[in-house]
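Subject: Structure for your review

Dear colleague,

Please find below the structure that I would like to hand over to you.

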Amino acid sequence: MPDAVSLIILGGFLLAGFAADVLGRRIYVPRVTLLLLLGFLAGPSVWRLVPNEISQWFSFATLLALSILGFHLGERFLGKRLRSTGKSVAFVSLAEVMMSAACVFGLLWAFGVPIPVALLLASIAPATDPAATMDVAEGTEASGPLTNTLLGVVAIDDAWGVILFSLLVVLAGSFAGPDAAVQAGPWAVLGMGVWEIAGGLLLGSLVGVPMSMVTGRIKSGELTIVETLGFVLLCSGLALQFHLSYVMACMAMGATVSNLAHHHCRPFHAIKEVEQPFLVVFFVLAGFQFQIDQLANVGWIGLGYIVGRVAGKVVGGYLGARMARAPRTVSRHIGFCLLPQAGIALGLALMVAERFPAFGAQILTTIVGTTFVFELLGPVVTRWQLQWSGETGHTDSSD
């Protein structure tokens with residue numbers, strides 16, 4: 001694709017992001033939903049406004065957006081604020097992860113879906129979309145117990161989800177037999193999942209130590225963004241090099257800087273100024289990936305997955321909040337706020353397709369189709385819940 005065309009498309013995406021933000025505030029629809037819809041309409045399924053080669057940008061745009069977002073989430077809810085929200089976040093995240101997987105498996109199994117397929121879909125169900133959730137929270141200027149718990153949960157629940165995914169993949173392999181699964185060894189699969197999370201946390205903590213020493217050595221505003229973005233990209237790249245979770249690595253780095261650096265606010269304010277262009281491109285390209293025929297092919301298995309996941313998130317969020325004795329506004333609304341699902345779920349589905357060729361196409365089609373539903377409607381539901389809780393329209397003074 002010529003450079004001129006690439007620049008025109010990129011400029012169009014950014015202007016579309018600006019327009020979506022303005023329009024979303026007027027019609028009370030989350031910006032992320034508008035951007036996803038725009039990407040879908042401009043994509044190969046509808047108007048074909050941009051070349052298909054643009055889909056090659058998606059992988060790198062996802063990497064950049066989620067790395068920056070992970071660093072930001074690490075500061076907000078794995079840093080000093082964890083002391084006040086940690087109990088609620090821990091109980092809610094564990095409960096909703098377990099319940100969403102259990103409900104999806106139970107419902108699909110009751111429908112007669114083969115146990116290996118039901119287990120594999122259940123292993124993907126807990127994954128959420130921290131980018132969309134945080135975008136909605138910031139777009140509505142929400143703050144309060146529900147918002148704090150929500151952003152804390154989406155910051156760590158994918159870690160629990162990856163561990164549970166590794167366990168259920170091992171279990172599904174035992175039911176599927178040697179002919180259906182790629183045999184890497186069940187404990188090897190589990191070990192890779194644990195290493196991906198634990199290794200990512202360790203790497204992020206190690207990189208965060210020198211970053212916390214450098215932060216604050218220069219005057220506020222002087223090359224802070226260069227320093228911050230350099231560390232974020234370095235940490236993310238090292239994580240990929242060693243096959244670790246780059247999102248968890250960047251979150252751990254953000255938490256380390258938040259707890260150790262004297263002027264820890266500077267890099268987070270700096271990164272916030274540049275994250276918007278990356279998020280806009282990421283959301284538009286995510287919508288570009290969806291194809292209408294994939295949604296049509298989901299069928300009743302996809303419907304069961306949607307119903308089971310929604311029930312699991314709502315029930316699990318309620319139970320977790322009640323066990324943590326969180327405020328009532330948290331228990332009533334938190335589960336409905338956790339519906340968005342995107343990149344991480346698609347990544348897990350691709351891993352399943354590689355390891356289980358016999359079920360891969362069915363699993364991947366189901367996740368792609370249902371992700372389209374969750375990503376379009378989930379942010380809208382999240383916005384409604386934040387509004388009904390009375391936490392929108394003001395900023396958090398602690399930021």
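Please note that this is a predicted model. I begin with helix H13, which spans residues 299-323 and supplies 4 residues, the largest share, to a nonpolar patch. This surface patch covers about 440 Å² and is formed by Phe91, Val315, Tyr318, Leu319 and Met323. Val315 is one of the residues located in H13, and it counts as partly exposed because its relative accessibility is 37%, which lies between the limits of 20% and 50%.

Lys313 pairs with Glu96, and their closest N and O atoms are 2.5 Å apart. Since Lys313 belongs to H13 and Glu96 to helix H4 (residues 82-110), the pair ties together parts that are 217 residues apart in sequence. Both Lys313 and Glu96 are buried.

In general, side chains of opposite charge can pair when their charged atoms come close. The model has 3 salt bridges. Another of them joins the side chains of Arg31 and Asp135, at 2.3 Å from N to O. This pair links distant parts of the chain, as Arg31 sits in helix H2 (residues 31-42) and Asp135 in helix H6 (residues 130-139), 104 residues apart. Arg31 and Asp135 are both buried.

The salt bridge between Asp21 and Arg25 has an N to O distance of 3.1 Å. These two residues lie in helix H1 (residues 3-27), 4 residues apart, or about one turn of the helix. Asp21 is partly exposed, at 25% relative accessibility, and Arg25 is partly exposed as well, at 45%.

Two further helices meet at an angle. The axes of H9 (residues 224-241) and H11 (residues 265-289) come within 9 Å and cross at roughly 85 degrees; the two helices are therefore roughly perpendicular to each other. The contact involves Thr224, Ile225, Thr228 and Leu229 of H9, together with Arg266, Pro267, Ala270, Ile271 and Val274 of H11.

Phe290 is found in the loop between H11 and helix H12 (292-296). Its relative accessible area is 5%, so Phe290 is buried. Beyond its sequence neighbours up to four places away, Phe290 touches Leu36, Phe40, Ser45, Val368, Thr371 and Phe372.

Finally, some values for the whole protein chain. It contains 16 helices and 0 strands, and 55% of its 399 residues count as buried. Its accessible surface comes to about 17000 Å², with 67% belonging to carbon and sulfur atoms.

Yours sincerely

Definitions and conventions. Residues numbered from 1 in each chain as written. Predicted model: local features only at pLDDT ≥ 70, side-chain atom pairs only at ≥ 80, totals over all residues. Heavy atoms only, no water. Patch = residues over 30% accessible without salt bridge, like charges linked within 9 Å, V, L, I, M, F, W, Y side chains within 5 Å. Areas by Shrake-Rupley, 256 points an atom, 1.4 Å probe, with all protein chains shown as cover. Salt bridge = Lys/Arg side-chain N within 4 Å of Asp/Glu carboxyl O. Buried < 20%, exposed > 50% of the residue type's maximum accessible area, 1.4 Å probe, protein only. Axes fitted to C-alpha atoms, helices over the stretch in contact; angles between N-to-C directions. Parallel < 35°, antiparallel > 145°, perpendicular 65-115°, else oblique. Contact = heavy atoms within 4.5 Å.
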